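I set out to record what I looked up, entry by entry. The sequence and the model come before the notes.

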Amino acid sequence: MNDIAKPNAEQHRTRTGLDKDDLKRAYLDNLFYVQGRFREVATINDLYQAAAYTVRDRMLERWIKSAQTYKQTNARTVCYLSAEFLLGPHLYNNLVNLGIAETAREAGEELDLDFEQIMDAEEEPGLGNGGLGRLAACYMDSLATLQIPAIGYGIRYEFGIFDQVIVDGWQVEKGDTWLRNGNPWEIPRAKLSFPVGFGGHTESYTGEHGATHMRWVPSLLVNGVAYDTPIMGYGVGNVNLLRLWRSEAPESFNFQAFNVGDYYGAVHAKIEAETISKVLYPNDEPEAGKELRLKQQYFFVSCSLQDMIRLQLGIAGSLDAFHEKFAVQLNDTHPSLAVAELMRLLMDEHLMDWQQAWEITRNTCHFTNHTLLPEALETWSVELFERLLPRHLEIIYEINRRFLDEVRIRFFGDEARVARMSLIDERFGRRVRMAHLAAVGSKAINGVAALHTELLKTTVMRDFYDLWPEKFFNVTNGVTPRRFIVVSNPRLARLITAVCGNDRWIRDLQCLREIEDRAEDHGLHAEWRKVKTAAKQQLANWLGKRTGFTPDPETLFDVQAKRIHEYKRQHLNLLHIVWLYEQIKQNPNVELTPRTFIFGGKAAPGYFMAKLIIKLVNAVGEVVNNDPQVNGYIRVIFMPDFNVKNGQRLYPAADLSEQISMAGKEASGTGNMKFSMNGALTIGTLDGANVEIRDQVGHDNFFLFGMTAPEVQQRQAEGYRPWELYHGNEQLKSAVDLIASGLFSHGDPELFRPLTDNLIHSDPFMVLADFQSYVDRQRDVDRAYRAPHHWDRMSILNTARMGNFSSDRSIQDYVDQIWHVERVPIEI
């Protein structure tokens, strides 16, 4: 049997070989035997799927070898729990990580295939809203590259983040049907499923030895079914696992209901169960949305922990050393229920006593906080918790009782502190504080940038820092250079490799320092500018096809691409553009560097002000781009449907990166890193990772403006009065008034009134306070760009000094400070 099952050498090469002939043979086999097509009738999707299966085959041998080795060595494993994984397209990234991108291109050419068209045919899995999910994806890439055993756990959303289309300047959301053509990268594990309960009641019972135990009797059960995706490391044999859960009904069709004519009832359970993993982050404004979101969070946490328990029992036969086997990282508050669920599983299902279960839980979990916005720290009503997760609420109450006893002893007589630290917020209706649950139940708490971590300690988590200073760490975010330089910007990657004389920098980004020695070299400046111009031309061509407007690549590309939110201050950027528009209208001979302002980003469907900002971007663009007196100086364009795939087009083309959030609001940011890695200069505030980027690239190579976080706090404490700023700065007043006048709304002064009134009377993110500083620094940008060698030198130094912002460094920080796991190299 073994001889029959084992493939011969030629079959093995077809599945695993990396040379050109092996790839060609494998591709044709997959097109014929997997897709059931021959070349003449194959669609572009058939051609893409055949390519994907060809690459996946080469990953599977490494994947299986990795899993076998991790099991045989009982390797300590990182389990990264995240409600989002914004992976981006797989195909070219996996070709790069396998080291066969150019070989595959040559094989495709010999088969008369359009390589670029096939790469572009891949649907992007939109399993995340933005930075949080993309960070998780970068970390999975780095975990595999650093040879750290890891499993990513999340939800296999049937519909990811919406596709954004712009209609009459407004954002319109369309469903993201990323699975409509199938997903060749995943392997369904139909037999690997776990039951997940909701609702019902709890009851106590007496066990075999007279001990009292609790039992949860849910009123609804769903199954979580595993779908596995291999995550390949760069230049190594390691392939880690991303396991996403899909919700299903235990019984998908009720024949009894069908037979009596209740056709809806026959499939009701299936519909209700599948709704849980149907769509990424439902609109949680209605109560039904809140309930579904809580269900999603518990669903994937429960499946993931049950899976870890299965793995540990299979290896050790006992859960006593569970915390030694697994390091569970909670990516923000969404997986915080892991604390209560692990306690439930250990006590109720595996009959541990409280003390042992708590010791294991608090040594297993580690919590990453991603926000300083109090309103973004998740809370859930006790009433909803009681209805959906009654056993977990009991456990949370007991955790809270024991925890607050500790607080009372440590901070004797400080009942105000006790109330602030309680897991239950008793103000404005009783609510469960998820960040507090994660903090109490975790061994370590980390922020995601040096400033963010310090602000955590002094603001939203100050009380916890006072109690447990030893729990707090900083791990500044990073991004993977494989996707965001090698995949996104292959021309720049080739130039860096040529300058360095090798490609070690792809795995050790600190090696980029080697190009710093040539920062003054005008010959390198010419090559550098040639690479940048080619990227700008490529983006311009794409924008022309998508929007009907083709920007001039000779202009300065000034880019702000990120989630649309008031704290990120896209409207500050717009005020500057409107101010420029006025300057040109008043003085057509003004000396200005021609610019193309490019915006990109999605607004949450229920966020009116963010959607109004998108409308204003497009409205300003409509006026500016059609005014012949102005459009030779400035143009404005909104890039629709900003996602990973489109970001890969945008990051290489940017000259200037707008990182202009109010100081103290952005936890870290990662777009700032992607732009800088690709040679864009930054105009920004001292917020998030901007602080560290500026320190690394050099203060002279960063356009700093605006208040610092302490200055913001002081101004707020003194009473911020935007009305006075509005009246005290004629240029600012004129720009705001021009928006309010109706010029950009076809004479309708009411359209943008909510935005202008908010700025004048409230301005919660101090746009008006930072306006003049921002405009002044933009003048400096203008002058610097008119000195090409000076600009090129700054651009080169930005790239050369970004080594600290690789996600490889971030993961190494987690390994050294928090997880304490060992590398397990896989030899192929």
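**Basis.** I worked from a predicted model, in which local features need pLDDT of at least 70 and side-chain atom pairs count only at pLDDT 80 or more, while totals for chains, interfaces and linings use all residues. Residues are numbered from 1 along each chain as its sequence is written, and side-chain values use heavy atoms, with hydrogens and water left out.

**Entry 1, salt bridges.** I took a salt bridge as a side-chain nitrogen of Lys or Arg within 4 Å of a carboxyl oxygen of Asp or Glu. Side chains of opposite charge can pair when their charged atoms come close. The structure holds 66 salt bridges.

I looked up Glu520 and found a salt bridge to Arg793, with 2.7 Å between the closest N and O atoms. This pair links distant parts of the chain, 273 residues apart: Glu520 sits in the loop between helix 22 (490-500) and helix 23, and Arg793 in helix 34 (residues 788-800). Helices here are DSSP runs of H or I with at least four residues, strands are runs of E with at least two, and both are numbered from the N terminus.

For accessibility I used relative accessible area: buried is under 20%, exposed is over 50%, and partly exposed lies in between (1.4 Å probe, protein chains only). Glu520 counts as exposed because its value is 53%, whereas Arg793 is partly exposed at 27%.

I then noted the salt bridge between the side chains of Glu516 and Arg513, at 2.9 Å from N to O. Glu516 is partly exposed at 22%, and Arg513 is partly exposed at 35%. The side chains of Glu724 and Arg721 also meet in a salt bridge, at 3.1 Å from N to O; Arg721 is partly exposed at 46%.

Which residues are linked in a network of salt bridges? I listed Glu398, Arg401, Arg402, Asp405, Arg408 and Glu415.

With a disulfide defined as a pair of cysteine sulfur atoms within 2.5 Å, the structure holds 0 disulfides. Cys79 is in no disulfide, and its nearest cysteine sulfur, in Cys365, is 10 Å away. Cys79 is buried at 0% relative accessibility, and Cys365 is buried at 0%.

Strands pair if DSSP finds at least two bridges between them. I traced an open sheet of 3 strands in the order 12-14-13, with antiparallel pairing. Its edge strands are strand 12 (379-381) and strand 13, each pairing on one side only. Strand 12 is joined to strand 14 (residues 431-433) by 3 bridges, and Trp380 stands opposite Val432 in strand 14.

I placed Ser422 in the loop between helix 17 (415-421) and strand 13 (424-425). Ser422 is buried, at 7%. Contact means heavy atoms within 4.5 Å; leaving aside neighbours within four places in sequence, Ser422 is in contact with Asn400, Leu404, Arg433 and His436.

Val531 belongs to helix 23 (residues 522-547). Is Val531 buried or exposed? I recorded Val531 as buried because its relative accessible area is 12%. Not counting residues up to four places away in sequence, Val531 touches Asn489, Arg491, Leu492 and Leu495. Val531 and Pro652 are 121 residues apart in sequence, with 8.8 Å between their C-alpha atoms.
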